[in-house]
Amino acid sequence: MVPQRDAGEAATLARVGEAEIGPDLTPQVQALLQSCFPGYPSRTYFKLPPHFRYLATAQGTLVGQMGVELRVIRVGSEVFRTFGVVDLCVTQGERSHGLAARLLTEVTELARSCGMDFVILFADDDRVYARNGWARAANRCTWVKIHEHTTLGLARAADTGALMVKATGPRPWPEGEVDLLGHLF
């Protein structure tokens with residue numbers, strides 16, 4: 001059961017390095033991911049752990065999380081510094097209170113302050129992201145295929161149908177093939 005809170009009481013956000021998430025938080029993160037994403041593996045990440053996470057708590061309970069990957073990518077002949085959003089999720093009881101938007105604002109502000117060019121993500125359902133400034137990109141993409149801790153090779157898609165980008169610096173999103181220089185997140 002998710003504890004109810006007053007509408008005026010905001011959840012607390014904390015940015016935590018992945019290596020700093022200890023045995024007390026690990027089961028909470030895993031349970032949140034599994035409750036929000038049916039079929040999620042019995043661990044705290046899908047393919048590989050993110051570099052850091054934003055954790056949202058209310059009344060001592062984890063109610064939301066967002067993984068973030070630091071990634072250099074290539075688009076055409078240009079190289080860009082990016083943050084990649086991974087597994088953004090909020091408990092059912094906390095949805096529609098602006099928590100996902102707060103998490104996205106936090107990563108966007110950090111990206112700007114760190115000199116990132118873009119924040120990118122892959123989403124089938126784009127509603128929350130579009131409302132917060134992300135746009136679909138139809139670039140051809142290449143990435144490393146990983147399944148259950150095994151590299152399977154390279155994947156290439158003419159358009160993933162899920163790539164979304166948000167500029168956090170002066171450079172516009174370019175045309176050209178995207179090489180994620182790593183796995184799909």
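Biologist: What radius of gyration does the chain have, and what would a compact globule with 185 residues have?

Modeller: The model is a predicted one. For 185 residues, a compact globule would have a radius of gyration near 16 Å. The chain agrees with that expectation, as its own radius of gyration is 16 Å.

Biologist: How many helices and strands does the chain have?

Modeller: Read along the sequence, the pattern is β-α-β-β-β-α-β-α-β-β-β-β-β. The secondary structure therefore comes to 3 helices and 10 strands.

Biologist: Among contacts between residues at least 6 apart in sequence, what share joins residues at least 24 apart?

Modeller: The C-alpha trace spans about 50 × 35 × 30 Å along its principal axes, and buried residues make up 45% of the chain. Of the contacts between residues at least 6 apart in sequence, the share joining residues at least 24 apart is 68%.

Biologist: Is H183 buried or exposed?

Modeller: H183 is found in strand β10, which covers residues 178–183. Buried means under 20% relative accessible area. The relative accessibility of H183 is 8%, so this residue counts as buried.

Biologist: With which side chain does the side chain of H183 make a polar contact?

Modeller: Leaving aside residues up to four places away in sequence, H183 touches K47, L48, E69, R71, W143, V144 and I146. A polar contact requires a pair of N or O atoms within 3.5 Å. At 3.0 Å, the side chain of H183 makes such a contact with the side chain of E69.

Key: Residues numbered from 1 in each chain as written. Predicted model: local features only at pLDDT ≥ 70, side-chain atom pairs only at ≥ 80, totals over all residues. Heavy atoms only, no water. Helix = DSSP H or I, 4+ residues; strand = E, 2+ residues; numbered from the N terminus. Rg over C-alpha atoms; globule rule 2.2 N^0.38 Å. Buried < 20%, exposed > 50% of the residue type's maximum accessible area, 1.4 Å probe, protein only. Contact = heavy atoms within 4.5 Å. Polar contact = N/O pair within 3.5 Å; in protein donor to acceptor, adjacent residues only side chain to side chain.
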